[in-house]
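Q: Could we go through this structure together, beginning with the strands and then turning to the aromatic rings?

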Amino acid sequence: YIDGALSLATVISTVAATITVASPLQVGDSTAAGTNPYDKNLAYFAMWKRASGWLDTHLQDTVAEQRASLYWGWRPQQARGTAVPTLRTRTSNAHIDKLEGTGRRLYLVGNNVPRCVSRLSKTGKTLKGYLSEYQITNTFLRSEEINDAAAWGKTRCSVTDTSTTTLPNGLTSVSDVIHEDLSVATSHYISQSLAYTSGEVRVISFWAKAINRSFILVNAKSGAANWSLTFNLGTGVVGTVQANIMSSGIEPWGNGWYRCWLRFTADTTGAISTYLFIGEADNDVTFTGLDQDSVYVWGLQNEVGVDYPTSYMPTAAAGVIREEDSLRYKGDDGNLGGIGSGKRGGMHAKILMPNVDVAATGYIIGLNDGGSGSDRFVLYSAASDVAALISAASGEGAGAVAGTSNISNNEVHSLSGLWKTNNERLLVDGTNEGTPDTDCGIPDDLDRIDIGVSEAGASQLNGIIADIELYSKDQRK
């Protein structure tokens with residue numbers, strides 16, 4: 001059926017084959033590695049299991065649209081302008097995460113697919129939206145193969161597949177179990193050595209699940225003192241944290257899994273080993289082994305220059321780059337609805353960012369003149385963890401309003417930037433923040449929309465953006 005009409009001259013009533021075993025469903029690429037992407041525009045799809053007959057033709061696209069809205073978090077709709085992005089760039093595949101049941105699950109998507117995720121805030125609010133992240137490299141080798149002898153050292157332990165479970169990506173675990181031996185009154189751990197540069201900020205993360213032990217102690221500097229912390233996989237809390245660990249966290253993913261992470265600044269240039277110790281209690285890794293499966297460990301990641309762990313990127317024999325996200329729409333074809341020409345307007349969005357101190361600016365929405373910074377409005381997250389609105393107009397003064405509330409706290413926030421002649425305002429969760437700018441130029445030549453990225457293709461938010469609205473009047477939200 002094409003556009004609701006049967007496209008074959010002859011109706012086929014007998015199938016030639018059936019699927020008798022579980023098979024992966026791939027959308028947008030014919031390969032699991034994302035090397036053969038479909039490079040046209042795919043809006044939505046659906047698949048049905050039905051004993052007999054077929055859905056009425058007028059229902060097929062309706063059901064597909066509804067399924068797509070539940071999966072992606074947005075509903076395809078008609079717009080006055082061009083609904084298809086003019087730029088959706090990420091030259092590598094990447095992962096998205098979705099809330100499923102009482103947990104979360106990873107899905108791999110191909111290059112150039114805008115990533116829509118669903119996450120919970122610290123107060124239990126669900127937000128579905130677009131995930132924009134900057135480029136990172138996972139420098140750990142064999143991130144899903146801790147049994148690999150060349151990449152991962154094993155001291156008084158082995159890696160087995162005697163216990164199996166469902167991994168965070170929905171697959172069945174293979175050789176992800178650290179098995180302690182019978183060594184007496186000593187430690188049991190795996191390790192990997194990487195080249196560090198003094199002064200660089202590193203974030204290490206991994207998923208772990210308890211089997212017969214509930215504690216993992218991570219040491220970030222070859223066993224040196226004051227460079228470790230303990231994760232409790234039984235209670236889902238961070239235990240003892242030593243002085244040189246800048247920040248850390250443990251996130252529940254369901255089915256007993258937790259994503260554990262720590263952030264630190266390297267103080268040495270050279271080869272540094274990361275140790276993952278099996279623990280018998282908080283900050284206690286010295287015990288007599290029981291020749292048993294201890295914990296599951298999977299999806300290890302080591303990133304440079306980030307504030308918290310970004311989305312997972314699997315590796316094999318070498319580190320792997322996840323490229324940065326860019327998303328852009330036309331603004332001179334009706335999408336902006338007259339914003340700029342009347343020198344008044346408003347932009348609104350919801351965001352969700354992790355509960356960490358962010359060290360860099362992250363763009364949320366940018367309206368500009370063909371990528372020029374001379375005529376623009378930008379709603380963004382500042383390095384001080386507050387919202388901000390800035391503007392520029394050729395030949396006139398720049399505008400700026402800075403908020404006061406912390407928006408990088410793992411809570412959903414509603415942000416609004418409003419403007420009219422010689423007046424710009426910023427609202428956070430419906431309340432005016434900062435001092436309105438009453439001496440500012442208002443640009444009148446806006447023809448591009450950038451989402452989650454600057455006009456130069458940088459400063460990704462590293463958070464979720466949802467419910468974007470643009471108005472040609474300074475409408476309060």
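**Strand pairing and ring contacts**

A: Strand β7 (residues 153–155) and β10 pair in the antiparallel sense, over three bridges. Please bear in mind that this is a predicted model.

Q: In β10, which residue is the bridge partner of Gly153?

A: The partner of Gly153 is Ser191 in β10.

Q: And how many bridges join β10 and strand β17?

A: Eight bridges join β10 to β17 (residues 270–279), and the pairing is antiparallel. Within it, Tyr189 has Phe277 of β17 as its bridge partner.

Q: How many residues of β10 are buried?

A: Six of the eight residues of β10 (residues 189–196) are buried, so the strand is largely enclosed by the rest of the structure.

Q: Changing topic: what is the strand order in the open sheet of seven strands?

A: The order is β1-β20-β29-β22-β23-β24-β25, with antiparallel pairing. At its edges are β1 (87–89) and β25 (399–402), each of which pairs on one side only. Neighbouring strands of this sheet are turned by 15 degrees against each other on average, direction ignored.

Q: Over how many bridges do β20 and β29 pair?

A: Strand β20 (residues 326–330) and strand β29 (residues 448–451) pair over three bridges in the antiparallel sense. Lys330 stands opposite Arg448 in β29.

Q: Now the rings. How many aromatic pairs does the structure hold?

A: There are 14 aromatic pairs. In one of them, the ring centres of Trp207 and Tyr312 are 5.5 Å apart and the planes stand at 80 degrees, so the pair is edge-to-face.

Q: Are Trp207 and Tyr312 buried or exposed?

A: Both Trp207 and Tyr312 are buried. Ring pairs also link Trp207, Trp253, Trp298 and Tyr312 into a cluster.

Q: Why is the pair of Trp257 and Tyr296 called tilted?

A: The planes of Trp257 and Tyr296 are at 45 degrees, with the ring centres 5.9 Å apart, so the pair counts as tilted. Trp257 lies in strand β16 (residues 257–265) and Tyr296 in strand β18, so the pair ties together parts 39 residues apart in sequence. Trp257 is buried, with a relative accessible area of 3%; Tyr296 is buried too, at 5%.

Q: Which residue lies over the face of Phe287?

A: Arg213 does, at 4.3 Å from the ring centre of Phe287.

Methods. Residues numbered from 1 in each chain as written. Predicted model: local features only at pLDDT ≥ 70, side-chain atom pairs only at ≥ 80, totals over all residues. Heavy atoms only, no water. Phe/Tyr/Trp six-rings, centres within 6.5 Å; stacked < 30°, edge-to-face > 60°. Buried < 20%, exposed > 50% of the residue type's maximum accessible area, 1.4 Å probe, protein only. Helix = DSSP H or I, 4+ residues; strand = E, 2+ residues; numbered from the N terminus. Lys NZ or Arg CZ within 6 Å of the ring centre and 35° of its normal. Pairing = 2+ DSSP bridges. Axes fitted to C-alpha atoms, helices over the stretch in contact; angles between N-to-C directions.
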